[in-house]
Structure formats: structure tokens, C-alpha cells
Amino acid sequence: MKKIYIPRDAAAKALGSDEVAATLSDALMARGEEAQIIRNGSRGMIWLEPLVEIEENGTRLAYGPIAADQVEDLLASKIETLGPVEDIPFFAKQNRLTFARCGLIDPLSLSDYRAHGGLVGLSRAAAMSAADIVAEVIASGLRGRGGAGFPTGIKWKTVSEAAGPQKYIVCNADEGDSGTFADRMIMEGDPFCLIEGMAIAGLATGATRGFVYIRSEYPDAIEVMEEAVTIARAEGVLGDDVLGSGKAFDLDIRVGAGAYVCGEETSLLNSLEGKRGVVRAKPPLPALEGFLGRPTVVNNVLSLATIPVIFEKGAAHYASFGLGRSKGTMPIQIAGNVARGGLFETAFGMPLGELVNEIAGGTATGRPVKAVQVGGPLGAYMPPSKFDTPFAYEEFDGQGGLIGHAGVVVFDDSADMVQMARFAMEFCAVESCGKCTPCRIGARRGVETIDRIAAGDATAIPLLTDLCETMKDGSLCALGGFTPYPVMSALQNFPDEFGATPANQAAE
Amino acid sequence: MPRDHADANDQDITAIVMRHMGMEGPLLPMLHALQEEFGYIPEAARPIICDALNITGAELHGVISFYHDFRTAPSARHSLKICRAEACQAVGGKALSDRILAMLGLDWGQARADGKLVVEPVYCLGLCACAPAAMLDGKLIGRATEEKISKTLSEAGL
């Protein structure tokens, strides 16, 4: 039977994919035509959504963007295809490891998942010792994809060797950074991949319970993950006897309540425990005293969802991609004012400018790119003069930036950098948990100081610089500690807009 | 859909609280379930939760007030959320929200006179590659414009 794929991904839905699916279903019935409609995840080419794929003779031909009123024409073959999905240049240039199945399969079909390499990694891990699993993750070079870039295998090793009556795997799915949506996409498009990664983490560390903490702003992801967990339990992927290994692992979905700071691992743990989502001082590390004071792995969605492919294809295969200490691939999310926005998974090392100008095709407005914010609201604004920076952890650090969760937000020349700096401080003030002084008070003072500068008082610039130093060095977590990145990068890369002169730019 | 707030009674509240007692870290799921049922966290729920979890009223108040999602009073029946974060700003999100608020004659968080609609800020819906983004209740709107939002509102009878 003919298969027609229409994404159920939230971005595709926001662009009308539900209406397209309903219209298509009615139209097929009216024509007396038989076809199976599959609601897949997104292929990540968001500018083409809703992207409809029609499978004929084993080839999936892409059509998009398709509106509900084009469905009749689509069925009458009056719409020209974009060709096979895999041949669309944006897609063909990627190295899809973590996102290999996203958009390809029916997200909630475990047999589809198995047919495309799913559960191979978990089966392999189930036959290995905990120490060997940890060694494999260390050998892969995988680093935390949430932003901090801490080696995932080392974290697992600490938890594995820690003693405790109960250990936990906590998946941080509180993806609150503007410009990032990879966690959401993989949860909606390939939920079993995350579940498999968490189960492997459980086997590696001796943790038998897990949680996925998903932000409440992601109702679609919550729905898909809950269904997937139910299926995984029924099929023996989760439970007392994971894939017949005799080892137990189970997990629950928990929903956040609209607090950005809960993306920070220690506030997330407090929130899971039912407390205010305030940051905890470290040490103790969550690996030793995490959820309910017990040894806990806290990993980002992408870190955990990358584990299955490492075990399916081997650590050496994964580590063969990348640049320097940034091994493997990164699902980069290109957003904001771009011609071709979406998810682009590639080996670390691609220059930022190539991503923005060639892959994404520059701005949607056709105006010159002025700045690119990389790494979410706490990431630096990179000007075109830094576009040769390779996309990798240390390389961005060396340019005063960070890759964070790999969100890339593009701005054209109409962007007001003083206002963007002000917004960073305002956001920090709204979302500060209030525990540490530099963030709680500094963010407010930051807004006021930038307002003074915007009103023409350039003498306030050294004060802003000084305040940013204090927040950077004195805050407990990345919210207060990294808010200076967007602020200072705006000031340093666009000094004219702040009325800055070399004399007043530096703090004494 | 949340029920009318007049329906909140101790028996229903207790049933919801007790349903979550076997969990590790039950408080947030409990508060979500109460809000789902009543549309907000009823005052009457506080002593019941405190007794069940053996926590003080101050601690519970701290938790409820910390999170943007939890409401302590009945809210407008429908909520239009408009994203204010950077990716949406990069494509005119601020101008869009200014126009929508002006069109409705409302400010952020202010309920319409008929109590049916409130416009709230949201910081990222994960629709950054099809910004600006908005959401009416659960219905997502990508590449949002004044026309698209107006159409969605009128389709919902608002």
C-alpha cells in the first residue's frame, strides 16, 4: 500500500500539518484511494514544513511546504516534487548519527525502531559489564550536549563507583534556550532512542530508576514520550528484566512548571524533589548526592539519545567524526532570521559562517547578517568577523563564545544590539532563582545600567563591564554566570551602538 | 478542560493529593493535577497538601509561587501565549506582540473584561526555525502574523 508521511512534530503542526493530514485522509476516502498515512517526526527542514513524503517504489519523494488547500493537487500529481528527501542538499550534507531515525520512522512503532537499528546498542550493552559500558562511552569522546561539555563517560564512572541504596538517571529535557529545539524534535520524532540511551545509562551505573524532566511548554513531546514509555514497558524494553537481561530499569515522565532556571541540573533536581527550583552549591556533585541525596546521572536529552548509536556502531566510529576534543556530531539548530531554518546534524568543526551563509542561506529578509547568537540566551553574539570560527567547544571558547546546546539565532542589520543586551539582563532578572546575590541583584542593576547607556550616558559603560565581571565570577550557576556573554559580546563587538569609545569601554 | 472553580471541595482535593502519594517527589505532579482539575491551585488544597507531605505552609507557598505555571486564582478561560525570546525577536516578534496587545486592548497578563482571554508572555516554544511563535491553549502557531492569530482566535470563538 502507498505510504504518505506527514510530520506530527510541533513545528510542522504549528505550520498546519494536522490540517493537511485531516484533509488528505478525507480526500483519499473521497477518491476511493487506499494509502497509509504515517505521522512521522520532522526531517528538520523546517522551512519546508509541512513536508509531505509519498513513498513509491521504495523511494520517499518530498513535497513541501504543503498547505491543506493543495492536497487535491498533490494527489492529482500536479505539484512538483523536491525529489527524494535524502537528496535535498540541506539533508544530504549532514552526518546523521543521533538523528538518523528522526523523521524516517513512525515515532511510536517499536518494530519500525528495531528495523532501523534500534535496540542493537542496548542488546550489546546488556551483555557487557558496567565497567566496559562506561569505558565505551569514555572512548567515544561524547561530551555533555546540554552546554557544559563535560565528558559523559566520566560522569557515569563517578555514579557507577558511588555507593547508594538507590541510584537514578535523570534526563534534562528542560530545553528552555531560545533557538534550540533538538531535544523537542528527538522526543517527538524518535522517543525510543532516548529511552534506550537511558536504559544503557542505567546498566552502566546500577541505577534502576529514571526520570525525564520535560518543560511544560512542550505538550507534544510530553504526550509522545508518555506513550513511548508505556509501549517500552509493555514490550520489555523497560521494567524488571530489560530485554531479558535480568537487569531492571524503569523511568517516569515529569513535567516542569515554567521556570527557565530548572534547566540547570541542581535546580532541576530540587524541582523533581518538589522544592523551589533554586540552585544548589556544588560540591557535592549530583553524581554523588543528586536526587534525594543519592547518586544521580543528570544528562541532557541529546547526550542520552546519542548513546544508542555509539553502542550500535562502536565508540571508534563515533569518535572518528569531529574536531580536536570535540568528538562526534552535533545537531545544530539554525533559527531566527534565516532563509532555511532547521536542524542540521554535522561533525564538529564546520565554520560558523558556512552554517549561516551556505547551509541556512543567509537571512530570510535578504538583508545582511549583523550578528548570530550561539548557545541560547546565555550565549555570545558573534559578528560576521568571527564567522571563520569552527563549530566546536574549545574553538568557540577561544573566541569569547560558547556553543551551549548548539542553537544558532541569526539577526539581520535591523537588530538593536543595546536592546538585545538589555533583554539578556531582563530575562536573567525574570528567571533568576534568587539564591545568589550577583544574579538576583545584578540582573536588575544590569537593566538599569543599560538603560542609562541607551539614554546616552556612556560613563555607565565601565560600570556595566564591572557588573558583568562580578556576575561571571560570583554567580552560582550559568544563569547569572553566563548572562554577561550576550551583554559583553554585544558591547565589545558593536561598541558604536553603546556610544563607547576606547577610553570608556574598559572598567578601571 | 478545568471545571468551574466553585467546584473545588475537600473531598476531590484529597483524592487528587492521595493519588500521588506513592511517588518520589510528588509535589509538582500533585500541583499540576490540581490545576488541571480546578484551573488553579485552590486555597483549600494547602492544608491538605501540607498534612499529606508533612511540610509547612511557608514551604508550600514557596513552591507554588516559584513557578510561573501555577496560579492561585481562577484565570481567564483561554490563554494566548506569545514568545518573547531571541529567535522570535529576530523576526519581528516584539512588533507582533505589540500589535496583538493593541488590537485586543490588553496588557501582558491582563484578562479581557469578559474573563475569557488572557495574553501571556512565554520564553520559547521550541518553534525557533518558524518564528515568531504563539500558542492559543494547546494550538501552536508558527510564522505567526496578526492575521493568523486573529483567525485562530475567531475559530476558537474568541
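Colleague: Is Thr158(A) buried, exposed or partly exposed?

Modeller: Bear in mind that this is a predicted model. Thr158(A) has 17 C-beta neighbours inside 10 Å, while a buried residue would need 20 or more and an exposed one 12 or fewer. Because its count of 17 falls in between, Thr158(A) is classed as partly exposed.

Colleague: Which residues is Thr158(A) in contact with, leaving aside its neighbours within four places in sequence?

Modeller: Thr158(A) sits in helix α8 of chain A, which covers residues 152–161. Its C-alpha atom and that of Gly290(A), 132 residues apart along the chain, are separated by 12 Å. Once the sequence neighbours within four places are set aside, the contacts of Thr158(A) are Leu285(A), Ala287(A) and Leu288(A).

Colleague: Why is strand β7 of chain A largely enclosed by the rest of the structure?

Modeller: The strand spans residues 209–214, and it runs parallel to β6(A), residues 168–173, with 6 bridges joining the two. It also pairs in the parallel sense with β8(A), residues 250–255, over 6 bridges.

Colleague: In β8(A), what is the bridge partner of Val212(A)?

Modeller: β7(A) and β8(A) form a right-handed β-α-β unit together with helix α11 of chain A, residues 219–234. For Val212(A), the bridge partner in β8(A) is Ile253(A).

Conventions: Residues are numbered from 1 along each chain as its sequence is written. Chains are lettered from A and ligands numbered from 1 in the order in which they are written. This is a predicted model: local features need pLDDT of at least 70, side-chain atom pairs count only at pLDDT 80 or more; totals for chains, interfaces and linings use all residues. Helices (H or I, at least four residues) and strands (E, at least two) are DSSP runs, numbered from the N terminus. Two residues are in contact if their C-beta atoms, placed from the backbone, lie within 7 Å. Two strands pair if DSSP finds at least two bridges between them. A crossover is right-handed if, with the strands pointing away from the viewer, the path from the first strand over the helix to the second runs clockwise.
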